[in-house]
Structure formats: structure tokens, C-alpha cells
Amino acid sequence: MKKKKIFCAFLLSAQFFLLEGQQIIVFKTSNKLPVKVSNVHLFLAGNFNNWNPADSAWELHSDSLGYSHLLKHMPKGIYRFKVTRGSWQTVECTADGKPVENRIIKVLNDTTITVDIKGWQDNFAQPEKMHTATAQVHIISETFDIPQLSRQRRIWIYLPAGYQTSGKKYPVIYMHDGQNLFDAYTSGYGEWGIDEFMDKLPDSKECIIVGIDHGGDHRITEYDPYDSKYGKGRGSDYIDFIVTTLKPYIDAQYRTKTDAKHTTIAGSSMGGLISMYAILKYPHVFGNAGIFSPAFWIAPEIYQFAKQQKLLSKSRFYFVCGDAESDSMVNDMNKMADIISSKSVSIKRSPVIIIKGASHNEKQWNGDFPDFYNWLINGL
């Protein structure tokens, strides 16, 4: 009996230790919600649960008056979220049916967050989505084989306006999340507008851009080289696909400069993580990397990998993020930049850009891309 009491005391102590340093946050709705259905289930989807719109651990609970609330213990930090009814088709919106920006909270101490929901997206007719890709954007294949993953994927390519008549060879940038690069029709939350930017460039600064669609539910594991709570990491297989399958195909079918100096890999968030991994694993293939808002938090092993890898003397890295993305984004990115700097990579070849007030979204990366591209092309 005495041993049992000691064991219970140990469990209570352990629980207290785990919760110490975390804040008590109460989320509650400010009014009875304007929904057209009964038995409504409300969820919070944010950067605290990988934006899962139906995460049972983040479901609000109704009281007898029809209001909803949820109590959570959360570490201090910056969080972004929206309220859903279980899917992104039933996400909250404005009173006139327009999308709302992510809610932002900065957790510093115990507090109550009051949520005022004006409407639900599925209660409004959605505006017709329009294709915005310019004439220089083409689909190589809707079902390009990825033998390393036993999957297929859509592959995009941007060809410079002078490609058909110039006869010249071009540098190539390989980019992830192809759905969001060129076309508003396929993008989930806005496009990068890369084709519109590229169309304005002079012939001397043009290049080819290859976009690889993400794998939907497989996105996290395909862009992570390490195992995590989200599943077995397949990032190494994904990068092997680009290096041993896709790049040889692109080099054979198009006029490209095939050397590492003229081959770049770039992406944002999880795409930033896997781009970092790619240039570390294959420095003789990728001479440059665009690391936009990298999700290093999900794969801390990447730091040790970076310390162990040898870089080419001319490898180049472009680090960029916003200071309002998360509580750790800037520190995480600076930590990696310091590792690269310790390998005698100059600031000119590995600039670190922090955008004041910028958040974690396509709008930010749309604004970041021109400066990245100018840095890239001027260094070739």
C-alpha cells in the first residue's frame, strides 16, 4: 500500500513537471453560432495541431446555453488558428462569406480567448475559381511516376518566353508544392505568382522552373527525411526521385545547364526543410537552395546532419522568414544559418533575411520570391 502511494505521488509530480511552464488557455465562443445544422461539432485547427480541421483533441464542447469552450495547456508562444466544423469546406468566414485571416494569439500567461464567429464558408456560394497561369507554364504530366514512393504526381514547368527561339541553355529551379506556384485555380490559399514575375524578366535573367505537386495527405512525411509523430519520413526517397528520376528527365527533354552551379532547389515551410536536406545530401547536384520559412521544428535531426555534411566551396543558401510566423521560427532558422556559416560559407553566399511582421503563408512567399530570385541569378 505504501509503495502504491509513493507511485501515485510520483505520477502526480511527473504530471506537474510536464505542465509546469505551460499556460492555461480557455477558448470560448462569444455567441450562439449561426449554423444551419444541428448537433454541430466545432474544432480549432492551427499551427499547434498541423492545421488538422477535425482534430478531436481540439474539439470545443457545448454547454447547456449553446456556447462552446475548450481548456488547453499550451507553452508560451505565437499561435495561429481558425475554427471549423470538421473540414476546410466548413471553415469560419466573414458575415458576407469572405475568407478570414488566421486568428493570431500570443500566449504569455493564463488567459481566455473569446472567439466571435460571423459565418461558415459552406453557407455561401463560392466564387468561381479562375486559372491564372501564364502562357509560359505547362504541365509535363498529370501522372508522372515516382518509383521511389510508388506514387504519381503532377509536374509543372515554366519555360522562358524565348525558349523556343533562343537555342540557349537555362539554369533550373526545382520547387515543391507545385499547386501553389503558378495557378490560383489549383492553389489552396493563394499562389506565389512566380510566372507573372518571371514573364517580366529580360532574356539574360531567365531560367526554367520545375514545380512538383505535393502529395496531399502524404505531404508532411514526403517532405520530412525523418520519422515523426506524423509517420515514417519519406523525404530521402522524395529527394532521390528528384535527383535520379526527375532531373535526368528534365535534362534530357529540355535545354538545361545541368551542373550544380545552375541547379537550385527551393520551397517553403516543409518545403524549406526538404530543400535544406536536399542540398546537404546532394551538394554536387544542387548548388543553391531557397529556404523559405523552414519547418525545422519537426525534424531537429537536420541540425546534426548539417554539421556532419561536407559542402562545396561554392554552395549557396538563401534563408528567409517572417518574425511573426511562430515563437521559434527565427531562432530555428538562425541556428541552421550559423551551422552553415561555421563551414566557412560567407554571408554573401548564405544571407539571412528576416521580414518584420510577415506571417507563414503564400502571400509572404509571393513577396519573398523576387529578392530571392535576384540574389540567385546575379550570383550565377
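Colleague: The charged end of Arg316 sits over the ring of which residue?

Modeller: This is a predicted model, where local features need pLDDT of at least 70, side-chain atom pairs count only at pLDDT 80 or more, and totals for chains, interfaces and linings use all residues. Residues are numbered from 1 along each chain as its sequence is written, and side-chain values use heavy atoms, with hydrogens and water left out. A charge sits over a ring if NZ of Lys or CZ of Arg is within 6 Å of the ring centre and within 35 degrees of the ring normal. Arg316 has its charged end 4.1 Å from the centre of the ring of Trp375.

Colleague: How many aromatic pairs does a search of the whole structure find?

Modeller: The search covers the whole structure.

Colleague: Phe48 and Phe81 form an aromatic pair; what is the angle between the planes?

Modeller: The ring centres of Phe48 and Phe81 are 6.3 Å apart. The pair is tilted, with the planes at 40°.

Colleague: How many residues apart are Phe48 and Phe81?

Modeller: Helices (H or I, at least four residues) and strands (E, at least two) are DSSP runs, numbered from the N terminus. Phe48 is in the loop between β2 (43-46) and β3 (61-62), and Phe81 is in strand β5 (residues 77-84). The pair links distant parts of the chain, 33 residues apart.

Colleague: Is Phe81 buried or exposed?

Modeller: Buried means under 20% relative accessible area, exposed over 50%, partly exposed in between (1.4 Å probe, protein chains only). Phe81 has a relative accessible area of 1%, so Phe81 is buried.

Colleague: Why is the pair of Trp51 and Trp88 tilted?

Modeller: The ring centres of Trp51 and Trp88 are 6.4 Å apart. The pair is tilted because the planes are at 40°.

Colleague: Where is Asp224 found?

Modeller: Asp224 is buried, with a relative accessible area of 0%. Contact means heavy atoms within 4.5 Å. Not counting residues up to four places away in sequence, Asp224 touches several residues, including Arg234, Met270 and Ile298. Asp224 is found in the loop between α4 (219-222) and α5 (235-253).

Conventions
Phe/Tyr/Trp six-rings, centres within 6.5 Å; stacked < 30°, edge-to-face > 60°.
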